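Me: Please walk me through this structure, feature by feature. Give me the general idea of each feature, then the case here.

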Amino acid sequence: MNRRFRVRGIEGIETHIDILNEVQGGYDTRVTSTIATGIRESFEFITDELLESCVRTGYLVAVEEPAHMHAVLSA
């Protein structure tokens, strides 16, 4: 699955949601917030409807992976 979203929220707090697994009715996710004092990580269930609504309203913005993340090494 490996989709990532940036949360448009409070200034000074960088929050990302990584979709780990699609399950019936929604997604298992990892929520990571980075602030000056450290990192907070939690695992949450998000319904299909909530994810769609957050993307539609702009609260969540899809994060594109850098091209080098898809490189294949060969000998």
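**Reading the fold**

Reply: Strands (E, at least two residues) and helices (H or I, at least four) are DSSP runs, numbered from the N terminus. This is a predicted model: local features need pLDDT of at least 70, side-chain atom pairs count only at pLDDT 80 or more, and totals for chains, interfaces and linings use all residues. Residues are numbered from 1 along each chain as its sequence is written, and side-chain values use heavy atoms, with hydrogens and water left out.

Me: Is I19 buried or exposed?

Reply: Buried means under 20% relative accessible area, exposed means over 50%, and partly exposed is in between (1.4 Å probe, protein chains only). I19 has 2% relative accessibility, so it counts as buried. I19 and F5 are 14 residues apart in sequence, yet their C-alpha atoms are 8.4 Å apart in space.

Me: How many bridges join β2 to β3?

Reply: Nine, and the two strands run antiparallel. In this pairing T15 stands opposite S33 in β3. The hairpin of β2 and β3 has two residues between the strands, and G25 in the turn has a positive phi of about 85 degrees.

Me: And how many bridges pair β1 with β2?

Reply: Five, again in the antiparallel sense. V7 stands opposite T15 in β2. Six residues lie between β1 and β2 in their hairpin, and G12 in the turn has a positive phi of about 95 degrees.

Me: Over how many bridges do β3 and β4 pair?

Reply: Ten, antiparallel, with β3 spanning residues 26–35. A hairpin of two residues joins β3 to β4. D28 stands opposite F45 in β4, and T32 stands opposite E41 in β4.

Me: Which residues make up the largest nonpolar core?

Reply: In soluble globular proteins, nonpolar side chains tend to be buried together. A nonpolar core is a set of buried Ala, Val, Leu, Ile, Met, Phe, Trp, Tyr and Cys residues joined through side-chain atoms within 4.5 Å. The largest one here has ten residues: F5, V7, I17, I19, Y27, V31, I46, L51, C54 and L60. β1, β2, β3 and α1 each supply at least two residues of this core. Over the chain of 75 residues, buried residues make up 24%.

Me: What is V31 in contact with?

Reply: Contact means heavy atoms within 4.5 Å. Leaving aside neighbours within four places in sequence, V31 is in contact with T15, H16, I17, R40, E41, S42 and E44.

Me: H16 is on that list. Where is H16 found?

Reply: In strand β2. H16 has a relative accessible area of 16%, so it is buried. Not counting residues up to four places away in sequence, H16 touches R4, F5, R6, R30, V31, T32 and V63.

Me: Where does the charged end of R3 sit?

Reply: A charge sits over a ring if NZ of Lys or CZ of Arg is within 6 Å of the ring centre and within 35 degrees of the ring normal. The charged end of R3 sits over the ring of Y27, 5.8 Å from its centre. R3 lies in strand β1. R3 is partly exposed, at 36% relative accessibility.

How values were computed
Two strands pair if DSSP finds at least two bridges between them.
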